[in-house]
Amino acid sequence: MVSHDLRTPDVAVVTLRPDQPYPFLAGQYTTLETPWWPRIWRHYSFASAPRPDGLLSLHVKAVPAGWVSNALVHRARPGDVLRLGPPGGSMTVDHSTDTGLLCLGGGTGIAPIKALVEDVAEHGDRRPVDVFYGARSGHDLYDIDTMLRLQKTFPWLSVHPVTRGAGAPPGRRLPLRSLGERDAYLSGPLGMVRRGVDALRGAGVPSERIRHDFLAELAPTASG
């Protein structure tokens, strides 16, 4: 671990330097083991597209009774050595098309969404990308400054902060009709992803254009 940035009392952005090349795609996740809880692995999404310096960035939220997450947020420090498993996940951008993106990130689910934005930029695409960044309150939008800087940099990117105080949950605030034909990407708590998927399907978006990494958990909803 080369840096540990505590963004809120329970959210940290950690940066890792692998001891060997670690190829992955923006939108994927890794499995991680800490020295304090051997043989206990947890999934964390990469918060950036692959970088020239090879560093990896992860966003971690400490959750109640979360052994690994609490260790990473409250105990880990630069210099600590972690173990990484292979990358996984299929929430990646298809660069063979110019279809626009509709992205919904809740809490630390903004991490892979940020990586997707960087990936689109690095490929020189000019496709429209709308990001809906949801949280319980404005204080929980811990990475909003980064997302707004990206919006200023890329004219094709629009960032929409959504908090619970602004009305309905993010998954029910998507202006689906005005966004036209998009590929949808959802990342965050299971309940938020489920509501978002239901809203998209209800608006007639085909399932093959909706990408997330809760395939097994959402299977009952898909069949029902």
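This is a predicted model: local features need pLDDT of at least 70, side-chain atom pairs count only at pLDDT 80 or more; totals for chains, interfaces and linings use all residues.
**Exercise 1.** In what order do the 3 strands of the open sheet lie, and which of them are the edge strands?

Solution. 
- The order is E4-E3-E6, with antiparallel pairing.
- Strand E4 (41-45) and strand E6 (83-84) are the edge strands, since each of them pairs on one side only.
- Strand E3 (residues 29-33) pairs with E6 in the antiparallel sense over 2 bridges.
- To locate the pairing in the structure, find Glu-33, whose bridge partner in E6 is Arg-83.

**Exercise 2.** Which strands does helix H1 touch, and what angle does the direction of H1 make with that of E4?

Solution. 
- Helix H1 covers residues 67-75 and packs on the sheet.
- The strands touched by H1 are E3 and E4.
- The direction of H1 makes about 60° with the direction of E4.

**Exercise 3.** Find the closest N and O distance between Asp-53 and Arg-51, and classify Asp-53 and Arg-51 by accessibility.

Solution. 
- The closest N and O atoms of Asp-53 and Arg-51 are 2.9 Å apart, and the two residues form a salt bridge.
- Partly exposed residues fall between the buried class, under 20%, and the exposed class, over 50%.
- Asp-53 has 45% relative accessibility, so Asp-53 is partly exposed.
- Arg-51 has a relative accessible area of 33% and is therefore partly exposed.

**Exercise 4.** How many residues apart in helix H2 are Glu-118 and Lys-114, and are they buried or exposed?

Solution. 
- Glu-118 and Lys-114 form a salt bridge, with their closest N and O atoms 3.0 Å apart.
- Helix H2 spans residues 110-122, and the two residues are 4 residues apart in this helix, which means a separation of about one helical turn.
- Glu-118 and Lys-114 are both buried.

**Exercise 5.** Which parts of the chain does the salt bridge between Arg-209 and Asp-183 tie together?

Solution. 
- The closest N and O atoms of this pair are 3.7 Å apart, and the cut-off for a salt bridge is within 4 Å.
- Arg-209 lies in the loop between helix H5 (190-202) and strand E11 (210-211), whereas Asp-183 lies in strand E10 (residues 182-187).
- The pair therefore ties together parts that are 26 residues apart in sequence.
- Arg-209 is buried, with a relative accessible area of 15%.
- Asp-183 is also buried, at 8% relative accessibility.

Conventions
Residues are numbered from 1 along each chain as its sequence is written. Side-chain values use heavy atoms; hydrogens and water are left out. Two strands pair if DSSP finds at least two bridges between them. Contact means heavy atoms within 4.5 Å. Axes are lines fitted to C-alpha atoms, for helices over the stretch in contact, and angles run from 0 to 180 degrees between N-to-C directions. A salt bridge is a side-chain nitrogen of Lys or Arg within 4 Å of a carboxyl oxygen of Asp or Glu. Buried means under 20% relative accessible area, exposed over 50%, partly exposed in between (1.4 Å probe, protein chains only).
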